[in-house]
Amino acid sequence: MKEPQSSPPKAAGDSPLRSLLARREMIVLLLLLLIAVTLQVASNGLFLQSRNLSVMADRKAPEALVTIGITFLLIANQFDLSVASVMAFSGATTAWMLVNGFPMVVSILGGLAAGVLIGCLNGFLVTRLQIPSFITTLGTMYIARSGAQVITHGRPIGGLPEDFIALGKIQVFGLPWYFILLVVCVLVLTFLLKKQKSLYKIFFVGNNAKAASMVGIRNMRITWNLFMVSAFIAAIAGIILTSKSYSASPIAFERMEMRYIAACVIGGASISGGQGSIIGSILGFLLIVLIGNGMTLIGISPYWENVIFGSILAIAAIADAYSTGRRRE
Amino acid sequence: MQRKSLAVLVLGLAMGLCGVMTGGAQTRTPAFAINGEIAYVAYYTTVPYWNDGLRGMEAAAAELGIKFDRTKNFYGPTDGSGSEQARIIDELVAKGVKGIVVSPADNNSILSACENAMKHGIPIITVISGMSNPSTYYGELGASNFNVGVTGGNYAAKLVNGKGKVGILTIPGVPVHDQRAQGYVQTLAKYPGIKVLPLVNTDADPAKGQERAAALIQANPDLNVLIGTDSVGGAAAARAVKEAGKVGKIVVIGMDRDKDLLGYIKDGIVTASVASKSFSTKWMAMHYMYWILADKMQDIGPGITDVANKIPPIPLVSDTGTMVIDKSNVDLFIKALSKK
Amino acid sequence: METDGVLSIRNVSKRFGGTQALDDVSFDVQKGEIHALLGENGAGKSTLIKIISGVVQKDRGSVFLDGRELKVRNAQQSRELGINVVYQELSLIPDLSVAENIFASSVNMNSMKFMRIGNLGSDVMSIVEMLDIDLRTPVRNLGIGAQQMVEIAGAISRKCRILILDEPTASLTNEEVKILYRIIRMLKDQGVIIIFISHKLSEVFDIADRATVMKDGRYVATDRVGNLDENSLIKLMTGRDLHDMYPPKGDSPGAFALEVGDYSGSGFRSVNFSLREGEILGMAGLTGAGRTEFCTTLFGVQPSTGGSLRLFGKDFAPRDVLAAMRAGIGYLPEDRKQTGVFMQMDIKENTVAATIDGIARHGILSAAKINECAREMIGKLSAKTGLLRDRILSLSGGNQQKIVLGRWLLANPRILIVDEPTRGIDVGAKFEIYQILRNLARSGMAIILISSELPEIIGMSDRILTFYKGKVSMEIDCHDPFLEEKIGCGIMGSSFRKSGEAEA
């Protein structure tokens, strides 16, 4: 070859600090720290007290789990609007089985199965019938919600057995067991997402499904599985929260799916697929949780909540558009 | 007799004067001072319904030397989420408030949070409705929601001479509404000539409510009573009746006393509304809270008359009653509204 | 010197960071002339266009029009001066109609407050007539070629002194190219200056009056097209002879790699042929003749409807792409953007996309291993890339194509199908890809080459199959004395007769 050899490209990661700072997670983390400091000052030191922090871990960790499944799907360029309804549906199924005399383990498996059923339906409609996931999961969102209403006859099912209620109160190392589960999931999955081959392939599917199928990545199967995973996680969260609120309400978690998706977008998951991280989504969700907590601690009128939430989402969307735009240049 | 009523009048005047005087910044300092926050936790916090109650709490707080401001001490999700209420109550406990008044979104969701608050010595009083486990709070104040249905049901049955078909617009799953609907259903069941159609869900959405009411009217030409278990349902029924051209042919019973609903009563579209006494309910709740914290009720001695000792100092249920608003008195309510 | 209507570029230089993109470039473009601008990627053509159209500001030098210096600060201003650029990437709004799209481009320019529908200029109308399209059709429903025409119609609906076309024919059919030529000539007759960038040299001879060649940011030469031929142009552009373009043919093919018997599927039927190790088999034919359909079926993308495949002596029926890959087949797809690259992903990820399972150990991938594979492959392909973690879309088309090819080299298939491997890439990169393919064949790989460029098929293939309407119409050895004539007959579906023989 007559052309001069181009110098071999340098390996990635030659400037770890710069690449770290460029990551969305860092921006969210800085924003979180800023809010935390503000809250700590504005609440006269109440914010960082362990009692306050443990409330967030106790009440919000199950919902944080749900953002993991949504993150996977967003990376794969799919939406899941059905999660919050699945949470209610699974919780209602478990509660109904419990009060109708089924053993606890069977009732929990029943609730999980109900959720996975919806996830399976999502996967089928999206991959086999090629219906866009936004429409599909919008439909199953209503189906699962109605399912919860049918099972509960429109009223919260209370009077759950003591051993089921005790499940939500189990502590490990002085922390709720599901909080430990969350931490373990986040750490393990953050590590595995770009390392484990099947999870790594999600990025390829989300970035260009056609191209992925041409390099032997079974994108249909991956997408279908992810819908089931997302619904399964939602079912777990729904059952834990049923135990925690001593009841299953047919209107539980209504409209919360938007919060979860927003959390992921704030954390850097792209609406156009191919991007996102577990840790980012969890930080995004934490941001939303901190806003709620700050409202209580400082005593801000609830009328303001959606203004604050909406503004942060808008900032995230602008950041997303900006970074996508810069990439396309 | 006359002297007695004169005495009442004088007392009333004096209290009124007090009220006028306490309306300003100047508050009376009672014997026991509460240094800390009394929080009020509701749900669907952005609907105007809460304003009357908040006014009641502010008035009582001013009188008792408690700082209560609706922009600072009023909490709750903007939707009907019980788990969010639970989270907020947990956070208020962590914050160290002195007492919590709560309108529970449902019977169960906040039980663990209330238990936790009581364990930390923070009294819980519920308003509007109670919960499934009475040991998790001191007492409940509100119109007996079941009685709302009894009152409204009997009122409507009398107007249609005990004969006809009844549609009920409600929000199933919300205990308050379930109880009201049950009051209506069970009261109307006593009239053999009346048939009650299956409950219709408005989802607290005015447009949806109207659409469903219209469908009900169309499907049942002989429908002669429409009932809303809240102001949304009542107003939705009114609009549907008006659009169907059936004003006067269908008796419409609403709930509460929104501007919209009062206007419909004045126009004769809505026959009557059953209103809870939001102001006095919350005014009383604040007083109960003060009395508990100040240890005023000493049935077996100071400091021990407590739920923890199974000696509740206040009644478990205080029925604060209802008011029936119809054409004869609606002007008074409209006037009251315009004063605010 | 007559300056009226002349575009003069004088001593223009531009530096981006460490790269001298343009170095003292000067030449003239005459009024009413179709001027081809040629050069490899990185020669500075795009930068020059961006300077003329005001998107980029020059460091030194001047641009004159009608003898007056042009001082253009932004694209808006250049449009007001009548300078219009039609880029390869379309800027149409898919859901709006043809008329609305044409007007939308004028609205920007005239800052009209209201659109004057029904008042399209006569030039625009004649384009629309040539295209035979309804003005009310949403652009979404048009073919890519027609969309390109609409884009040009939009450009000339404004004041138009200079029209710059950046690879306008890359996605057009032959029929559409003919229409485009008519439009360009019509504009030329009206005295519009047309600058035309293309990697297809045949088009330069078809349409251009003069050509300017650039290399490495410098001006090389300008001449009348009549004085040039393909060989001399390539030499000017690359410094290489055309005869060096294609590597020598292979000599002794090995064992059978693939035996195809009466194979049928959607788009092709009863295909019979065999492929040997170390051989490059060219597939010629018109678009839709069934070549791509056959190859994607072989690759497991869609099911076959009948017939048999024997792969290295064993029966083979691909269940899906993964199965075909495991059996040793690789496929470089025809449409790089749609089915080849992962645009938002980085270079190393694009390189290892087909070998994730192979690189993983116990299901876990190591960053070091990924880097090592990518670096090794990029070195082998002499692809010009930045950092491995740079996004692939920062690369030129040729380098992107090398990465996609490299992806398959990593997978190390025994049969590699390359579908239009050099489409839309510059001459230098083409040359390198030819070398790579031949070297692969020498090392024993069996290669199927699909191309719509006959010189490429002839230059690269050891054996050629022509496809016509879903069937193999002819099989021709590369040493056949009537090679070109036979291919021509094969792709048109007629039978070959030696000259002199009468047609029956």
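Which helix of chain B holds B:His177? It is helix H6, which covers residues 175-188. Please keep in mind that this is a predicted model. The briefing below starts with that histidine, then takes in chain B as a whole, and ends with stops in chains A and C.

**B:His177 and its surroundings**
- B:His177 has a relative accessible area of 8%, so it counts as buried, the cut-off being under 20%.
- If you set aside the neighbours within four places in sequence, the residues in contact with B:His177 are B:Thr170, B:Ile171, B:Thr229 and B:Asp230.

**Chain B as a whole**
- Chain B contains eleven helices and 13 strands.
- The globule rule gives 20 Å for 340 residues, and the radius of gyration of chain B is close to that at 21 Å, so the chain is as compact as a globular protein of that length.
- Of the 340 residues in chain B, 53% are buried.
- Among contacts in chain B with a separation of 6 or more, 71% are between residues 24 or more positions apart.
- Chain B has an accessible surface of about 14700 Å², and carbon and sulfur atoms account for 58% of that area.

- Helix H5 of chain A runs over residues 104-128, and A:Leu121 is found in it.
- The end C-alpha atoms of H5(A) are 35 Å apart, which agrees with the 36 Å that its 25 residues should span at 1.5 Å a residue.
- After H5(A) comes A:Gln130, which has a positive phi, near 60°.
- A:Leu121 has a relative accessibility of 32%, so it counts as partly exposed.
- Together with A:Phe124, A:Leu129 and A:Ile143, A:Leu121 makes a nonpolar surface patch of about 340 Å².
- In general, an α-helix has 3.6 residues a turn, so residues three or four places apart point the same way.

**A loop residue in chain C**
- C:Gln344 sits in the loop that links helix H11 (336-340) to helix H12 (347-352) in chain C.
- Although it is in a loop, C:Gln344 is buried, with a relative accessible area of 16%.
- C:Gln344 is 46 residues from C:Asp390 in sequence, while their C-alpha atoms are 9.6 Å apart in space.

Note on methods:
Residues are numbered from 1 along each chain as its sequence is written. Chains are lettered from A and ligands numbered from 1 in the order in which they are written. This is a predicted model: local features need pLDDT of at least 70, side-chain atom pairs count only at pLDDT 80 or more; totals for chains, interfaces and linings use all residues. Side-chain values use heavy atoms; hydrogens and water are left out. Patches are made of residues with over 30% relative accessible area and no salt bridge: like charges are joined within 9 Å, nonpolar side chains (Val, Leu, Ile, Met, Phe, Trp, Tyr) within 5 Å. Accessible areas come from the Shrake-Rupley method with a 1.4 Å probe; for residues, only the protein chains shown count as cover. A salt bridge is a side-chain nitrogen of Lys or Arg within 4 Å of a carboxyl oxygen of Asp or Glu. Helices (H or I, at least four residues) and strands (E, at least two) are DSSP runs, numbered from the N terminus. Buried means under 20% relative accessible area, exposed over 50%, partly exposed in between (1.4 Å probe, protein chains only). The expected span of a helix is 1.5 Å times one less than its number of residues. The radius of gyration is taken over C-alpha atoms; the globule rule is 2.2 Å times the number of residues to the power 0.38. Contact means heavy atoms within 4.5 Å.
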